[in-house]
Amino acid sequence: MSLLDVTVLVRLQTEFRQSMKTLLVDLCRDLDGQYAELAEKLDVPGAYFRFLASSFDHEFYANWKVAGWIEALNDLVYFLDLLQQIHKERDQRGFAEELFAECEQKFFENSYLDDLFPQGRAQANGLATRLRWLCMKLARDVTQESLFFNPSRAMQWSRRQGLGRWEVSGNCDQHFERAEQSFSLPIGTAGDEVVAPKSVAKAVGQATQRVTFEVGRQEIVLKNSRRFPICTLRDANVEWNWPIRAAIEVAGTPQGAVTIGPTLRYGRDKQPRSVGPTDLKHVDRARRAWHTIQQAWPEGHAVLALLTSRIVPLKAKGVVSFSYRHRPGLSFINCFDRDNLDLIDDLIHENSHHHLNLLLRKHVMYHGDRNQQIFYSPWRRGLRPIRGILHASFTFTMGALLFERLSSWAETKKGMKQWKEAGLTHRDLMRARFRCLEEIESVRYSMQDLEYAGRHLKWLTGSGGRLVRQLEEEIEKAEQRIARHRKAVLASKFGPALRRHVKELQQARQTYGPVRLSKA
């Protein structure tokens, strides 16, 4: 089976959608059952979430917004359970230590660890208060977001329950993880949003200021000291009182449009600071990069089109592109410090994380969390757990395949013409070949560690071992095809860097194992 077999991935996506649908039903049942008292105190409308879910198309359950919302709801239920436990727990210190360790291992992509343990240690004092605050925050976030997936459903719910007004606490603040701007409300699941008029922003003041969303039988209103209608239900249609800002399409796919969102900007401290409009030049660059992948590597493009649905430009000096496991299809791409070849690489790299995350939802690749940082990473030049090595080996194998296909594509007369049209240069071609050789060396290094982890430490499962063998096969094919360019790369300006890289890996092997891995 090929790693790029789209048929297999489509089947896995179908299974993933069903699993998320089942999870949402189970979570709603838990909110109405064993956590009903807490849910009522925190105004978590589990019955409404179930009512909303009945309107979702099956396709929605793999959407980055809907899947992310369900994952956030899952986190809320998890922390509600802990909130129930902590008041019964006699050993508060032991409880804090266990929770601290669990947050380190399970929530490394979220801010929960900082929220619960702001001093960076397992502090039991005040933990119950911080835990309750986190539950309140998650409850407000998931409830506000749910209102605008399908506003007609919220109004219908208010009408069915015989509520004069259903009030939901919220705000108009920006959201970094979803890349949403302040004083805008995301609507639907494709990235569209409605923008608050200036009169609303003036009346509210600070975007972080608490406001109330008042859901009536025929309208939804934002309320602070005044009432501002957001939308109205006329017959079966929702009419918006606020202007709509439609998502910008980058490419069309059989699964729907791939869109580009607002730009996420970081500060000098490498922390997110603001979300703002995206310059159209970055839209054009993303479109060109997407088209280049389609021309040079059709098989890779088919996987990209299946698994990536939303691109968020990232302006963050010294911060690499990234994505989240719990938001499949959403890729944050650094478009400012990266050239055209880098942009192509980053699109494939983040898509490869989506790819592996989909596989990991189906298959257990390693036993336990195995969070021990004992494996040297050629990419980070430091020690990483097996999870990090597996992710890196997978994504950079895909990178090596991309660079090899770009190299082969540019060797034809037609390909070279398209290469130049893509904004790529002769230097980029040599750099693509260098990157391919560099990634092959790195992946081969980590393959040895993964094989050792599987055969000797018995940390890899059967599925994990099969994946490693697939990666070895693909990297060998890429190596065979790129081998004829190795001499030219070594003779180029990239030669010293390649030699230095090989030498560093040799030194790392002497320092870190696999002999020393036996101490694990």
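User: What makes the contact between Glu219 and Arg227 a salt bridge?

Analyst: In this predicted model, the side chains of Glu219 and Arg227 meet with a nitrogen-to-oxygen distance of 3.7 Å. The cut-off for a salt bridge is a Lys or Arg side-chain nitrogen within 4 Å of a carboxyl oxygen of Asp or Glu, and therefore the pair at 3.7 Å qualifies. Glu219 and Arg227 also belong to a network of salt bridges that links them with Arg165, Glu167, Glu214 and Lys223.

User: Why is Arg227 called partly exposed?

Analyst: Arg227 has a relative accessible area of 42%. Buried means under 20% and exposed means over 50%, so a residue at 42% falls in between and is described as partly exposed.

User: How do you know that Lys137 and Asp141 form a salt bridge, and where do they lie?

Analyst: The N to O distance between the side chains of Lys137 and Asp141 is 3.7 Å, and because the limit is 4 Å the pair counts as a salt bridge. Both residues lie in helix 7, which spans residues 127–147, and they are four residues apart, about one turn of the helix. In general, an α-helix has 3.6 residues a turn, so residues three or four places apart point the same way. Lys137 has a relative accessible area of 28%, and Asp141 is also at 28%; because that value lies between 20% and 50%, both are partly exposed.

User: Are the partners Glu180 and Arg178 buried or exposed, and what makes their contact a salt bridge?

Analyst: Glu180 and Arg178 are both buried. Their closest N and O atoms are 3.0 Å apart, and since the cut-off is 4 Å this contact is a salt bridge. The structure holds 42 salt bridges.

User: Why is helix 1 called roughly parallel to helix 11?

Analyst: Helix 1 (residues 6–32) and helix 11 (residues 298–307) pack at an angle of about 10°, and their axes are 10 Å apart. Angles under 35 degrees count as roughly parallel, so helix 1 is described as roughly parallel to helix 11. In the contact, Val6, Leu9, Val10 and Gln13 of helix 1 meet Ala302, Val303, Leu306 and Leu307 of helix 11. Seven of these contact residues are nonpolar, one is polar and none is charged.

User: What makes strand 1 and strand 7 edge strands?

Analyst: Five strands form an open sheet in the order 1-4-5-6-7, with antiparallel pairing. Strand 1 (166–170) and strand 7 (237–240) each pair on one side only, and that places them at the edges. Neighbouring strands in this sheet are turned by 20° against each other on average, with direction ignored.

User: Why is helix 8 described as largely enclosed by the rest of the structure?

Analyst: Helix 8 (residues 151–160) has 10 residues, of which seven are buried, and so it is largely enclosed by the rest of the structure. Among the buried residues are Arg153, Met155 and Trp157. Just after helix 8, Gly162 takes a positive phi of about 70°.

Technical notes: Residues numbered from 1 in each chain as written. Predicted model: local features only at pLDDT ≥ 70, side-chain atom pairs only at ≥ 80, totals over all residues. Heavy atoms only, no water. Helix = DSSP H or I, 4+ residues; strand = E, 2+ residues; numbered from the N terminus. Buried < 20%, exposed > 50% of the residue type's maximum accessible area, 1.4 Å probe, protein only. Axes fitted to C-alpha atoms, helices over the stretch in contact; angles between N-to-C directions. Parallel < 35°, antiparallel > 145°, perpendicular 65-115°, else oblique. Contact = heavy atoms within 4.5 Å. Nonpolar A, V, L, I, M, F, W, Y, C, P; charged D, E, K, R; others polar. Pairing = 2+ DSSP bridges.
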